[in-house]
Amino acid sequence: MNFFTFIPVEPGWPLWVIIALIAVDFIIRVVALGAIPYRRKPSVALGWLLAVFLIPYIGLLAFWMFGSSKLPRKRREMQTEINRLIKHETGGQSILGRDDHLPEPLSTAAQLNYSLGALPMVHGNEFTLEGDNHQCMLDMAREVDQAQKYVHFEFYIVAIDDASRPLLDALLRAHARGVTVRIFIDHVGSLGYPGYSDLVKELDASGVPWRRSLPLRPWKGEYQRPDLRNHRKILVIDGEIAYTGSQNVIHRSYNKRANLRKGFEWKDLSVRCTGPIVAELNAVFASDWYSETEVILFEEFDTELDPIHEGGAMAQVVPSGPGFELENNLRLFNHLIYNANEQIVICSPYFVPDESLMHALVTEAHSGVDVRIYVGATSDHWVTQKAQESYYADLLDAGVQIFQYHEPTVLHSKFLLIDDEVTIIGSSNMDARSFAMNLEVSMFIVDRAFTQEMYDLETDDYRANSVKVDRQEWMERSTGQKYLENVCRLTSSLL
């Protein structure tokens, strides 16, 4: 193939036009070689270089639109300002209260999270698992109906339907009786789902304060990289109760005709929280609210971020995403995985590990640690599904056990278990999008009883409803299947 194959030259064009196009094409390639790798992972840089070299003009346009995985500088500076305020309120301590009983890997994990995300580890928390999407929304609605001061609501996908209506009506009732209700909905995430346009009309008519998160409306001066999204799921009630996890506020079928035809229903896992950890989830909401409105909720910071409790579960909220300079969630995951001694359990619907995570898992498996990964047998993202399948062979060779949750259920739960006392649960997948492109929130919980409850759930539900991938059968899959996986893998760093 000629180096300049993709130059759009037409017969009969003047020689100087052809030379100019060749020169521009050459300059694009040379500049890309030195500019694109700047402060990017080699795999990401290679993916973009491949696009620019194969299709220079389209590739360059795509890089201009999607090449930066960071939010605009002003927004990152606002996040830094909020982090500084939170650290001031917590006295610069990564763990509030007693910490002498923590193993060193966990105390250093708390310090890592505090350094990157500004929120400390706190005692005195209680957690209740919510494994049914629709029942969880009913539980949320009941709690909102008891709210007296404020309700903070932040979700990726929200739409009106029979399942979500009770919760959305509860929010409007709270607003009508004088409770401060603030609603945050990701713009692109919700756009296009049946029931979203009706939701917008109802919210506008109600007068409740609400915002589109990371709005994509260039005609109103609202623009950033389109696929940088707010994937967080947070509900805070009066600073006393909070919910977080993987689920969105919509029917478990997502109301799409194709899903209904195939019988697809999403399986999620959320957690109800009480204790000081609620204030940390509220701080994440407040930082996002500030980023969109430039209004800081000073009073809630002042009154809720300073308690020190003993007893109960220790926990720490880990915010991450393109508003931060580093990949907070990935660094925590790798730190904990490398310090595992007995077992690691990962549940992630989109499992497309970067090189560092892949090395950590393979290393631990070769070290004798029991590594179990739960993924879906089906997915709503075909390219991502094929990309993740391209990693199975290397994992199986290392001794990792892979379980596929049965169809037509679409596995959407996201959690990580380490040994006998560490649980991470939240909105973050194990893929490049969650590490770098999505605003995510994860809950780092240190508690033996709760972690045992998670292991029981893994055994009684996730493993009982999954099929273990057989290594020999997987290695014998067709050449065409392997080809598709490898092609999709090339895009994994850009997904």
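Is Tyr 290 buried or exposed? Here are some friendly notes on that residue and on the packing and charge pairs around the chain.

1. First, the ground rules. This is a predicted model, in which local features need pLDDT of at least 70 and side-chain atom pairs count only at pLDDT 80 or more, while totals for chains, interfaces and linings use all residues. Residues are numbered from 1 along each chain as its sequence is written, and side-chain values use heavy atoms, with hydrogens and water left out.

2. Tyr 290 is buried, with a relative accessible area of 8% (buried means under 20% relative accessible area, exposed over 50% and partly exposed in between, using a 1.4 Å probe and protein chains only). This tyrosine lies in helix α11; helices here are DSSP runs of H or I with at least four residues, strands are runs of E with at least two, and both are numbered from the N terminus. Leaving aside residues up to four places away in sequence, Tyr 290 touches Met 78, Glu 81, Ile 82, Val 295 and Ile 296 (contact means heavy atoms within 4.5 Å). From Tyr 290 to Lys 70 the separation is 220 residues in sequence and 18 Å in space, C-alpha to C-alpha.

3. Helix α11 (residues 277-293) also carries Asp 288, whose partner Arg 232 sits in the loop between β6 (229-230) and β7 (234-237), 56 residues apart.

4. Arg 76 counts as buried at 16% relative accessibility.

5. Arg 477 and Glu 485 form another salt bridge, with their closest N and O atoms 2.7 Å apart, and both residues are buried. Salt bridges with shared partners also join Asp 370, Arg 372, Glu 458 and Arg 463 into one network.

6. Now to the helix pairs. The axes of α6 (residues 133-145) and α7 (residues 165-176) come within 8 Å and cross at roughly 10°; axes are lines fitted to C-alpha atoms, for helices over the stretch in contact, and angles run from 0 to 180 degrees between N-to-C directions. These two helices are therefore roughly parallel (under 35 degrees; over 145 is roughly antiparallel, 65 to 115 roughly perpendicular, and the rest oblique). Residues in the contact include Met 137 and Val 144 of α6 and Leu 167 and Ala 170 of α7. By class, the contact has 10 nonpolar, no polar and two charged residues (Ala, Val, Leu, Ile, Met, Phe, Trp, Tyr, Cys and Pro are nonpolar; Asp, Glu, Lys and Arg charged; the others, Gly among them, polar).

7. Helices α1 (residues 15-35) and α2 (residues 42-54) pack at about 175°, their axes 10 Å apart, so α1 is roughly antiparallel to α2. Ile 28, Arg 29, Ala 32 and Leu 33 of α1 meet Leu 49, Val 52 and Phe 53 of α2.

8. Finally, the largest nonpolar core has 47 residues, of which Leu 336, Ile 344, Leu 361, Ile 373, Leu 395 and Phe 444 touch the most other members (a core is a set of buried Ala, Val, Leu, Ile, Met, Phe, Trp, Tyr and Cys residues joined through side-chain atoms within 4.5 Å). A second, separate core of 43 residues includes Leu 85, Leu 96, Cys 273 and Ala 315.

Notes: A salt bridge is a side-chain nitrogen of Lys or Arg within 4 Å of a carboxyl oxygen of Asp or Glu.
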